[in-house]
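Reader: I am new to this structure. Could you take me through its side-chain pairings?

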Amino acid sequence: MLARLFAPQIDALVERLQRGVALGVEVAADRVALAQLEWQDEKRRLARLLVSLLAAVWLAGLAVTFLGALVIIACWDTPWRVGAAAGVALALCLGLAWALAQVQRLLRQGEQSFVLLRRELAADLETLRRLREGEAPSAPQAGDAAPSTPPSHP
């Protein structure tokens, strides 16, 4: 008797749990896809950072070499050699300054790594916290991204 009385509620609860699990799996898949996209961006940034660092080290070595040659050449009596060595050393120093500026710019961009994933996971945690406390989940704000999951059909 009780089984027949509570069967509709049990069936509804099981259906809600199944939909909740399906939604959870779908959201988790979206987060994994987002993490993969952001990892690709991070790998490209790190590759550019490595190239800029290698250029900076190489140009620094050349700059030191040519600055040393400039000192030696400055001791000679021919003014043409000094101008040429100074020009080469100046050009290498400008290249070094550019490479160091690139390295600094790329290092600052590291703070933005995985920003979308972190934002989505924080929103997910807030939604779970609200659900646990019995509150209704908040609607997306004007600046938030549109939900990536299609509505489920009952």
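Reader: How many aromatic pairs does the structure hold?
Author: This is a predicted model: local features need pLDDT of at least 70, side-chain atom pairs count only at pLDDT 80 or more, and totals for chains, interfaces and linings use all residues. Residues are numbered from 1 along each chain as its sequence is written, and side-chain values use heavy atoms, without hydrogens and water. Rings of Phe, Tyr and Trp (its six-membered ring) pair if their centres lie within 6.5 Å. The number of aromatic pairs is 1.

Reader: Is the pair of Trp39 and Phe114 stacked or edge-to-face?
Author: Planes under 30 degrees apart count as stacked, over 60 as edge-to-face and the rest as tilted. The ring centres of Trp39 and Phe114 are 6.4 Å apart and their planes stand at 10 degrees, so the pair is stacked.

Reader: How many residues apart in sequence are the parts that this pair ties together?
Author: Helices are DSSP runs (H or I, at least four residues), numbered from the N terminus. Trp39 lies in helix α1, Phe114 in the loop between α2 and α3 (115-132), so the parts tied together are apart by 75 residues.

Reader: Which residue forms a salt bridge with Glu120?
Author: A salt bridge needs a side-chain nitrogen of Lys or Arg within 4 Å of a carboxyl oxygen of Asp or Glu. Here the closest N and O atoms are 3.1 Å apart, and the partner of Glu120 is Arg31.

Reader: Is Arg31 buried or exposed?
Author: Buried means under 20% relative accessible area, exposed over 50%, partly exposed in between (1.4 Å probe, protein chains only). Arg31 has 14% relative accessibility, so Arg31 counts as buried.

Notes
Helices (H or I, at least four residues) and strands (E, at least two) are DSSP runs, numbered from the N terminus.
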